[in-house]
Amino acid sequence: MNGNLTFTMIKPDAMQRGFMSKILDKITDTGFKVKAMKLTKLSKEQAQQFYGVHKERPFFNDLVEYMSSGPIVAAVLEKNNAVEDFRKLIGATDPTKADEGTIRKMYAESIQYNAVHGSDSDENAMIEGNFFFSARERF
Ligand code: CMP
């Protein structure tokens, strides 16, 4: 059975360019409920840990610099079939390949500066949500 929670970040590029409210509107207009949300900023160590799965990739150091370069919004979202539906809403990692109307098509600059993150599995949604939200803030 598919889970009903996913995790997202609005990344530093989208925050810097003033797209936070537009992106949040699109998420909630599509039927996602916000279960937990915070405006925060990652340290380099936190960015390295969050994206640890990519540490062997050539883009890892740039990714860590970028993700710790400014404020982000982190959120846990609820909807039926959340992980898959959210990935449809944000579109392909590379915005030039993203479908019309997706968040990345509308707001991302490049494959690296791609405006939003979305979990790729139910398991990672829980891991990523727990990375940002303590038991007191539990969703
Ligand atoms: P995200 O979905 O958050 O997961 C990993 C991130 O690494 C991705 O979004 C991009 O920000 C970045 N990324 C993925 N592929 C590349 C690439 N080929 N070059 C640069 N950055 C990338």
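The model is predicted: local features need pLDDT of at least 70, side-chain atom pairs count only at pLDDT 80 or more, and totals for chains, interfaces and linings use all residues. Residues are numbered from 1 along each chain as its sequence is written, and side-chain values use heavy atoms, with hydrogens and water left out. The chain holds 7 helices and 4 strands; helices (H or I, at least four residues) and strands (E, at least two) are DSSP runs, numbered from the N terminus.

**Overall fold**

- Read from the N terminus, the order of elements is β-α-α-β-α-α-β-α-α-β-α.
- The radius of gyration of the chain is 14 Å, close to the 14 Å that the globule rule gives for 139 residues, so the chain is as compact as a globular protein of that length. This radius is taken over C-alpha atoms, and the rule is 2.2 Å times the number of residues to the power 0.38.
- The C-alpha trace spans about 35 × 35 × 25 Å along its principal axes.
- Among contacts with a separation of 6 or more, 75% join residues 24 or more positions apart; contact means heavy atoms within 4.5 Å.

**Surface and charge**

- Of the 139 residues, 44% count as buried. Buried means under 20% relative accessible area, exposed over 50%, and partly exposed in between (1.4 Å probe, protein chains only).
- The chain exposes about 7700 Å², of which carbon and sulfur atoms supply 48%. Accessible areas come from the Shrake-Rupley method with a 1.4 Å probe; for residues, only the protein chains shown count as cover.
- The mean positions of the 19 positive and 19 negative charges are 3 Å apart. Lys and Arg count as positive and Asp and Glu as negative, while His and the chain ends are not counted. Each charge is placed at NZ of Lys, CZ of Arg, CG of Asp or CD of Glu.

**Nonpolar cores**

- A nonpolar core is a set of buried Ala, Val, Leu, Ile, Met, Phe, Trp, Tyr and Cys residues joined through side-chain atoms within 4.5 Å.
- The largest nonpolar core has 20 residues, and those with the most contacts inside it are Ile-10, Ile-23, Ile-27, Phe-32, Phe-86 and Ile-103.
- At least two residues of this core come from each of α1 (12-16), α2 (20-29), β3 (72-78), α5 (82-90) and α6 (103-107). Helix α5 gives the largest share, 4 residues.
- A second, separate core of 18 residues includes Leu-5, Ala-36, Ala-47 and Tyr-66.
- Not counting residues up to four places away in sequence, Ile-23 touches Ile-10, Ala-14, Ile-103, Tyr-107 and Val-116.

**Helix α5**

- Its buried residues are Ala-82, Val-83, Asp-85, Phe-86, Leu-89 and Ile-90.
- The buried residues of α5 pack against β1 (5-10), α2, β3, α6, β4 (116-118) and α7 (122-132).
- Asp-85, found in this helix, counts as buried at 18% relative accessibility.
- Leaving aside neighbours within four places in sequence, Asp-85 is in contact with Phe-32, Lys-79 and Asn-80.

**Positive phi angles**

- Asn-81, in the loop between β3 and α5, has a positive phi near 55° although it is a residue other than glycine.
- Ala-115 is not a glycine but has a positive phi of about 75°. This alanine lies in the loop between α6 and β4 and is buried, with a relative accessible area of 0%.
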